[in-house]
Amino acid sequence: MAAKTDRPRRSLSHSLGMWLKGAVNIGDFVAAFSITIMMFAISADVIRRAITGRSIGGVLETSEVLLVFIVFLGLGYTQSTGAHVATSALTSRLQRVPRRVVQAIGLSFALIFLAWAIYATGTRAWDAFQIREYRFGLLQVPIWPGRIAVVVGLALWFLEVLRDWILILFSGVEEPLYTGLDTEDLQLLNSRSESGDRS
Amino acid sequence: MSNDLLFTLAPVVMLFFLLAFQVPVALSLGAAGVVGIVLQGDLGTTTSTLASLPYSSTAVFTLTLIPMFILMGLLVSHAGLLTGIFDIAERLTRRLPGGLAAATVSACAFFGGISGSSVADAATIGRLSIAEMSRRKYEVAYSAAVVAASGTLAILIPPSIVLVLYGILTGESIGDMLLAGLVPGLLTAVVYLIIVIVQALRHEDRGGAAIRSRQRNGVDNIQPMSDVRTRVFGVFTGITLFVIVMGGLYTGVFTSTEAGGVGALAALIITLLFFVTSGKPGQFSAAGRAISQALREAASLTAMVFALLIGGGLFSYFLVLARVPNDVSSFIAKANIPPVLIVILLLLILLPLGMIIDGLSMLLIVTPIAYPIVTELGFDGIWFGILMIKMIEIGLLTPPVGLNVFVVAGLRPELRVEQVFRRVGIFVVAELGIVALLFIFPSIITFLPSISGGR
């Protein structure tokens with residue numbers, strides 16, 4: 001009976017895990033695309049100024065908004081690859097159980113902080129969207145998409161931290177029911193937390 | 001204990017607890033900063049700070065330099081041009097005692113001018129050079145120590161992200177910071193070269209065996225790991241990108257911010273040319289793979305750096321609300337300590353701190369407190385910045401969290417981190433000597449920015 005009831009739950013959690021993986025990958029793809037546009041825009045502006053003595057209007061303002069896309073839409077992917085800097089100077093010296101406890105406590109604070117940041121930036125983004133906020137400059141560049149990107153990026157980061165938090169608490173279980181993570185992911189996380197260096 | 005002191009200390013203690021609990025540094029800084037803002041202000045102030053700070057501290061044109069510099073280094077790295085750079089360095093130094101170690105130092109100094117990342121330098125060059133050095137009877141721990149130490153050169157030789165971040169945090173000119181790092185970076189490289197030569201002359205397992213072998217059999221022709229084309233492209237790329245970034249700054253053709261964009265585009269064009277001119281089938285897709293991988297990694301690394309900046313911004317805001325820099329300044333003024341001693345103490349504090357947290361995080365935590373004190377005492381902000389970054393370099397090599405040592409030790413399964421820490425000691429001593437030299441003769445740092453006309 002238990003096996004029968006587990007099946008749909010595993011399937012759902014697996015789907016959620018895959019959805020999150022897809023979402024952070026899309027976020028990173030958009031961030032990478034934004035870097036490309038920014039590089040071409042800045043270079044084109046320099047070349048035009050060198051040739052004609054005149055700048056391309058709006059490059060500065062657009063680059064600023066693109067930078068917001070690059071930074072925030074890459075946050076979730078960065079967490080998923082373990083590239084955010086953390087120090088394991090203390091945790092690597094702890095036994096498995098106390099290590100997981102302190103990591104889970106620490107990440108709980110991080111989750112509360114991120115949730116608060118999502119609420120605050122979300123409210124700000126909604127206001128910006130309603131008035132179609134833009135930045136004054138040579139051109140009026142809309143900045144409300146950037147403000148929405150902040151919320152989306154922070155939400156992806158929150159979900160990735162939540163995923164790590166669940167893993168830390170439940171990775172002792174042979175088949176984590178709620179995470180949708182495969183064995184490879186679990187091994188990766190375990191090796192990350194057990195390694196002497198940083199995640 | 002007064003409430004004021006308690007409300008100031010609590011977030012600082014919380015920060016160190018979260019760091020110890022392995023929470024990412026950016027989130028630790030952010031969470032502790034938010035608690036600090038709540039204690040100093042109220043919930044409304046905190047929410048409005050959280051609503052505006054992430055966007056306002058990111059949407060700044062000057063900051064576009066960071067993803068562009070990161071992309072520049074990654075493009076060169078993913079194109080595989082570093083092998084060529086290492087081979088050329090090996091050919092140039094093969095007649096020196098400790099030739100391979102000298103090649104490692106030279107390649108790191110050269111690549112440092114492209115990558116701007118110490119860890120990237122250590123990991124990339126380490127893969128190539130440790131194996132070669134082992135084959136030439138160098139002790140593995142010593143080889144790893146040479147790589148770990150040489151990797152730190154990237155933090156000072158422009159383009160360096162750490163130099164850019166210091167400029168952003170303090171308001172010092174980024175162009176001047178980049179210029180100021182060049183001479184101390186090259187000086188460090190020369191000192192490292194002297195160390196590896198002397199070590200080879202004195203120790204059989206640090207290059208001495210290779211000298212003996214050369215005396216018996218003539219110059220040892222090491223099989224190059226790259227073809228001629230890769231070597232030519234490697235050197236051409238290094239020189240081109242350095243000339244673009246530094247030349248642009250000097251001539252004023254573009255600003256220091258725009259140098260990043262132009263440099264990244266040049267790296268992209270060179271990468272494309274490198275693949276396309278190879279004449280091998282499937283090179284277009286290989287180029288596409290290398291470029292897309294570089295772009296994705298650049299986005300991820302940019303997010304990591306900015307997360308630290310935003311977290312650091314929240315924590316700094318709390319420090320300002322709590323008037324910590326002001327209080328520390330007035331405490332120092334009342335204590336009647338000689339200004340030089342204060343700077344020395346501020347620099348020395350970085351040593352134990354560097355043993356707990358990484359360089360970027362240290363920069364973000366210490367700069368908002370230390371910079372106003374140092375400049376108020378009449379010292380040059382750029383001079384102090386370079387000294388501070390030198391101390392961060394040392395932090396990359398000292399236990400327990402010397403990141404470069406961990407990265408290099410991870411490249412060889414038989415290596416224990418402690419062995420590398422032991423062998424890297426001589427480079428740490430040399431670094432401290434260089435810091436003392438730069439401290440006594442500030443013009444070594446300020447000379448280039450001053451002749452550029454920026455100061």
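Mentor: Of the 199 residues in chain A, 48% are buried (under 20% relative accessible area; exposed is over 50%, partly exposed lies in between, with a 1.4 Å probe and protein chains only). This is a predicted model, where local features need pLDDT of at least 70, side-chain atom pairs count only at pLDDT 80 or more, and totals for chains, interfaces and linings use all residues. Residues are numbered from 1 along each chain as its sequence is written, chains are lettered from A and ligands numbered from 1 in the order in which they are written, and side-chain values use heavy atoms, without hydrogens and water.

The accessible surface of chain A is about 10000 Å² (Shrake-Rupley method, 1.4 Å probe; for residues, only the protein chains shown count as cover), and 66% of it belongs to carbon and sulfur atoms.

Now the fold. Chain A has six helices and two strands (DSSP runs numbered from the N terminus: helices are H or I, at least four residues; strands are E, at least two). Along the sequence they run α-α-α-α-β-β-α-α. Take the contacts (heavy atoms within 4.5 Å) between residues at least 6 apart in sequence. In chain A, 74% of these join residues at least 24 apart.

A cavity is a set of points on a 1 Å grid over the protein atoms alone where a 1.4 Å probe fits but cannot get out; lining residues have an atom within 4 Å of a point. Points are joined across faces, edges and corners, and volume is the space filled by probe spheres set on them.

The second largest cavity holds about 110 Å³. It has 13 lining residues; F113(A), L154(A), W157(A), I310(B) and G311(B) are the closest to its centre. Helices α4 (96–130) and α5 (144–170) of chain A, with α2 (25–40) and α14 of chain B, each give two or more lining residues.

Terms used
1 Å grid on protein atoms, 1.4 Å probe; cavity = no way out; pocket = protein on both sides within 12 Å on 5 of 7 lines; lining within 4 Å.
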